[in-house]
Amino acid sequence: RFLALLSPSCQCLVLCCMLDELSRSLAAYRHRSSARTARDPSLPGCPIPVQVDEFLCSFYHPKKKRWCRFKPAVGHARCKTHLEQCSDADRIPCPLDPRHTVNRLQLEQHLKLCTSSRDKNFVVLQPFYREGANCRSAELEDSADEDRRTPSYKGWPERIEAAYAQAVALVLGEGIDKARALIELSLPESATEMGHADKHGLQNEALAQLVAEALPSACSAGRGALVLEYGCGRGALALTILESFPAARGLLIDRDTRRHKVEKRRETGEDGILRLRMDISNFDLEAFLRSPLDIERLPKACDFDLLALSKCTKTANRLEELWRRAAALQVEPWPPSALLACAKHLCGSATDISLRSLAAAASGAGANDIDVLVCCATCCHQRCDANSYVNFPFLQSLGLCHSAEEFADFASTCGWALGSLVAAQRRLGLMSKRILDLGRIAWLRQELGLTEARLSCYIGKEVTPENVAIIATGRLRG
């Protein structure tokens, strides 16, 4: 209708403009299509990537196999990030985190703002952080070539069988029949087909039931109890235990950042729950159980060095909130009347470091007045090391290990329990695992005075062959 109102000459002019606009749109579309094809060197016919889009940075990411998607700086072919980079030789691994690289000329400025530095400083500035709080000095000298050395298993089967029978008799006071039965509890007959989520849910419920049965009734009620989970992951075990003791408080320790944290799905939110992101070896339990933090003297966001936090005010605010939550957790009665220390499948030496933190706390003021329950499901014994293991003298008394090298050979036999296809080797691997666990039981009795320490099979081997937990109750003794 609009064209009908125009004169023939005007109609021709309008149609020419429309055709010209359409042709330009088609040309731009073909240009973008060819640019995408040229930027993908994995496509046939493009052995060498060529950047044809003049509106994008001309830097090519060889690992990502694509061009940089940022706009170039004014008057340059590259963006500001890649402006001073002429070749890969100009970029060096970041000294703080070699997983990413930085321009050599910008290294000094990068070190001030690197997010890896911010994350490390965030961990150090958390409450109850103390470097090496649960580590001991190396008493056994490790070989420099330990990681490259091939273990020698000559004679180990006989030594393991003899030491296992002796360990069961020393710690459990049982004969050979009990020793064999302990192995059968974890010896898998076939692979489980249970789903990952279902399997872990059943284990959490079984461990929570074990805690409820082992905890004295006098300690199971009231807000005086504290649930402490080492290597908590998403925190499912601690939160399952807290469902049985809703008035208790919870402290979660894990060195990694986690998504989908279970505590965020609670009806009461994160009230009464504190999560600290640090390695277990640096968690100062003794400081946590001392006098509560003074609310009036807690650090504020403005008190933290923003330069150490990469000038990130959001991180400073997170630290302020973390200190506030830590103080809120230490409300009366304090110290807690009962400490429930738990862990599920804490790998290798992390179990020993967790137990050592209890020993450090036992020397603190008021710790002897705390009822303690330890519930730790062990796993990955092959990852233990001689200097972290709590009871190396126990292994020496069995004639198994007298050096770090021998311990490494012995610990590696634990991998046979689940990794070997030979039934006899799987049985030997389980014996090695139980020897290490029995040494931990003996240490809890001798060093912490937890005379009721024992091993308990908390779930069927069809769910998981790592179904043995360390259970200990009593009062901390320094």
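User: How much space lies in the largest pocket?

Analyst: Start with the general idea. Rolling a probe the size of a water molecule over the atoms shows where empty space is left. Now the case here. This is a predicted model. Its largest pocket holds about 930 Å³ of space. The lining has 35 residues, and Gly-231, Cys-232, Gly-233, Asp-254 and Arg-258 are the closest to the centre.

User: Which elements give two or more residues to that lining?

Analyst: They are α6 (196–214), α7 (236–244), β6 (249–254), β8 (338–347) and α10 (349–362). Helix α6 supplies the largest share, with 6 residues.

User: How do the lining residues divide into nonpolar, polar and charged?

Analyst: There are 12 nonpolar, 12 polar and 11 charged residues in the lining of the largest pocket.

User: Now a helix. Which residues of α12 are buried?

Analyst: First the general idea. An α-helix has 3.6 residues a turn, so residues three or four places apart point the same way. Now α12, which spans residues 404–412. Its buried residues are Ala-404, Phe-407, Asp-409, Phe-410 and Ala-411. One of them, Asp-409, counts as charged.

User: What do the buried residues of α12 pack against?

Analyst: Three helices: α4 (156–171), α11 (392–397) and α14 (423–447).

User: Which strands does β9 pair with, and in what sense?

Analyst: Read the partners in turn. β8 pairs with β9 in the parallel sense, over 9 bridges. In that pairing, Cys-342 has Cys-375 of β9 as its bridge partner. β11 (residues 468–475) runs antiparallel to β9, and 7 bridges join them. Here Leu-373 stands opposite Thr-473 of β11. Note that β8 also gives two or more residues to the lining of the largest pocket.

User: Zoom out. How many helices and strands does the protein have?

Analyst: It has 14 helices and 11 strands. Of its 478 residues, 44% are buried. The protein exposes about 25400 Å², and carbon and sulfur atoms supply 54% of that area.

User: What share of the contacts joins residues 24 or more positions apart?

Analyst: Count contacts with a separation of 6 or more. Residues 24 or more positions apart account for 66% of them.

Technical notes
Residues are numbered from 1 along each chain as its sequence is written. This is a predicted model: local features need pLDDT of at least 70, side-chain atom pairs count only at pLDDT 80 or more; totals for chains, interfaces and linings use all residues. Side-chain values use heavy atoms; hydrogens and water are left out. Helices (H or I, at least four residues) and strands (E, at least two) are DSSP runs, numbered from the N terminus. Buried means under 20% relative accessible area, exposed over 50%, partly exposed in between (1.4 Å probe, protein chains only). Contact means heavy atoms within 4.5 Å. Accessible areas come from the Shrake-Rupley method with a 1.4 Å probe; for residues, only the protein chains shown count as cover. On a 1 Å grid over the protein atoms alone, a cavity is a set of points where a 1.4 Å probe fits but cannot get out, and a pocket is an open set with protein on both sides within 12 Å along at least five of seven lines; lining residues have an atom within 4 Å of a point. Grid points are joined across faces, edges and corners, and a volume is the space filled by probe spheres set on the points. Two strands pair if DSSP finds at least two bridges between them.
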